[in-house]
Amino acid sequence: MKLLNPGPVTLTKGVRQALLGEDLCHREPEFAELSKRIISGLAGVYKEANASYIPVLLTSSGTGAVEAMFSLVPREGANTLVVSNGVYGERAAAMLAAQGKAHLVIASAWTEPIDFAAVEKALASGTFDHVFAVHHETTTGRLNDIDKIGVLCTQYRAPLLLDAVSSFAGERIRFAEWNLLACAATANKCLHGVPGIAMVLAQERAFAERKSGAASVYLDLFRYQKEQRSGFSPFTQSVQVLYGLEQALIELSAQGGWEARHRRYRELTMRVRSSLAKFGITTFLEDAASYGAILSSYRLPTGLSYDRLHDELKREGFIIYAGQGPFTGQMFRIAVMGELTDADIDRMLSVIERLAT
Ligand SMILES: *Cc1c(COP(=O)(O)O)cnc(C)c1O
């Protein structure tokens, strides 16, 4: 089965094999060494992050990492501006609400770019000390313009918390220029690992300068960071998933790092997009330049239901992804993360051609 959904991804043989590593107790020194190697590998994915950001590992999905990232926001006296144009911006606002933390949402329609004028106006009012944004909004495939948000975060001295769950290792992240306090990521998207481990890369000095604002026992980033200095973790980590992640990081580096991966995604996405255009299938966002490299959303052609498209593709060994919320039944999404060849994509396209033309 080839997975064209936005994570989990089709694994390489190497990563799958790594899952069969030895049984290991998470209180033994071998576990600490494994964690330290992974932490060092993650810190090295972006050269810019290596010196001043520290990856913190959690056994959770990407949502857990985003939620744990909010440990950096104090429980009292902070006010976060949430910039939203999709499911994941809304989810972050729900987390802040659940944690009882003050916030305001600047929402645009899911099909629209971020409302930068409204963000600037809010920041200029001087009432916000943190900004949350989603880098690659998987709802549509839009790569939000975080360069613009970053300029505002720098100008108004508001540290940025970024959901980079579907972009980490696949798109550029400008740590310093964006006044980035932390970003959340996961093992099973652009890193090509197995689901079960997620991570937050945070400014190392934040752990000394701030007190934990965690609103839960399990998702207290400060507690993980403290124990992780010696390679351990407050709670049981998913050992086998870490084996897979270590191998995935080795493969990422051997293949030329995030930039090479980004180019490969771009290639595959353009291959999909140009063929679909020939079959009369257009992108869901009007301006195709709004998309990142990782995933694009497409309008369902008239007369072809999502269910039929999905089921016929599944029969041929491909999993695509539906639209969420109001987009259900209007769109389908194709992500190109994971172990995919040009031939896989071409075979998938020939199935769509048969159904759409
Ligand atoms: C996948 C994703 C998440 C997290 O999803 P999980 O199912 O919890 O792993 C968060 N944000 C974005 C932008 C995502 O694409």
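A disulfide is a pair of cysteine sulfur atoms within 2.5 Å. A search of the whole structure, by that criterion, finds 0 disulfides. The structure is a predicted model: local features need pLDDT of at least 70, side-chain atom pairs count only at pLDDT 80 or more, and totals for chains, interfaces and linings use all residues. Residues are numbered from 1 along each chain as its sequence is written, and side-chain values use heavy atoms, with hydrogens and water left out.

**Cysteines**

Cys183 is buried, at a relative accessible area of 0%. Cys190 is buried too, at 0%.

**Domains**

The chain is divided into domain 1 (21-254) and domain 2 (257-356); such bounds come from an automatic or database domain assignment. Their C-alpha centres lie 27 Å apart. Contact means heavy atoms within 4.5 Å. Domain 1 puts 26 residues into the contact, and domain 2 puts in 24 residues.

**Pockets**

The pocket search runs on a 1 Å grid over the protein atoms alone. A pocket is an open set of points with protein on both sides within 12 Å along at least five of seven lines. In a cavity, by contrast, a 1.4 Å probe fits but cannot get out. Lining residues have an atom within 4 Å of a point. Grid points are joined across faces, edges and corners, and a volume is the space filled by probe spheres set on the points.

For the classes below, Ala, Val, Leu, Ile, Met, Phe, Trp, Tyr, Cys and Pro count as nonpolar, Asp, Glu, Lys and Arg as charged, and the others, Gly among them, as polar.

| Pocket | Volume | Lining | Classes |
|---|---|---|---|
| Largest pocket | about 310 Å³ | 21 residues | 9 nonpolar, 9 polar, 3 charged residues |
| Second largest pocket | about 190 Å³ | 14 residues | 5 nonpolar, 5 polar, 4 charged residues |

Which residues lie nearest the centre of the largest pocket? They are Thr63, Tyr88, Arg91, Val165 and Lys189. Helix H3 (62-69) and helix H4 (87-98) are the elements that give two or more residues to this lining. H4 gives the most, with 4 residues. Helices (H or I, at least four residues) and strands (E, at least two) are DSSP runs, numbered from the N terminus.

In the second largest pocket, His192, Gln255, Arg261, Arg264 and Gly338 lie nearest the centre. Helix H10 (residues 257-278) gives the most to that lining, with 6 residues.

Most residues other than glycine have a negative phi, and most peptide bonds are trans. His192 has a positive phi, near 65°. This residue sits in the loop between strand E9 (180-186) and strand E10 (198-203). His192 is buried, with a relative accessible area of 9%.

Arg157 also has a positive phi, of about 50°, although it is not a glycine. Its place is in the loop between helix H6 (146-155) and strand E8 (160-163). Is Arg157 buried or exposed? At 73% relative accessibility, Arg157 counts as exposed.

The peptide bond from Gly7 to Pro8 is cis, with omega near -5°. Pro8 belongs to the loop between strand E1 (2-3) and helix H1 (13-18).

Terms used. Buried < 20%, exposed > 50% of the residue type's maximum accessible area, 1.4 Å probe, protein only.
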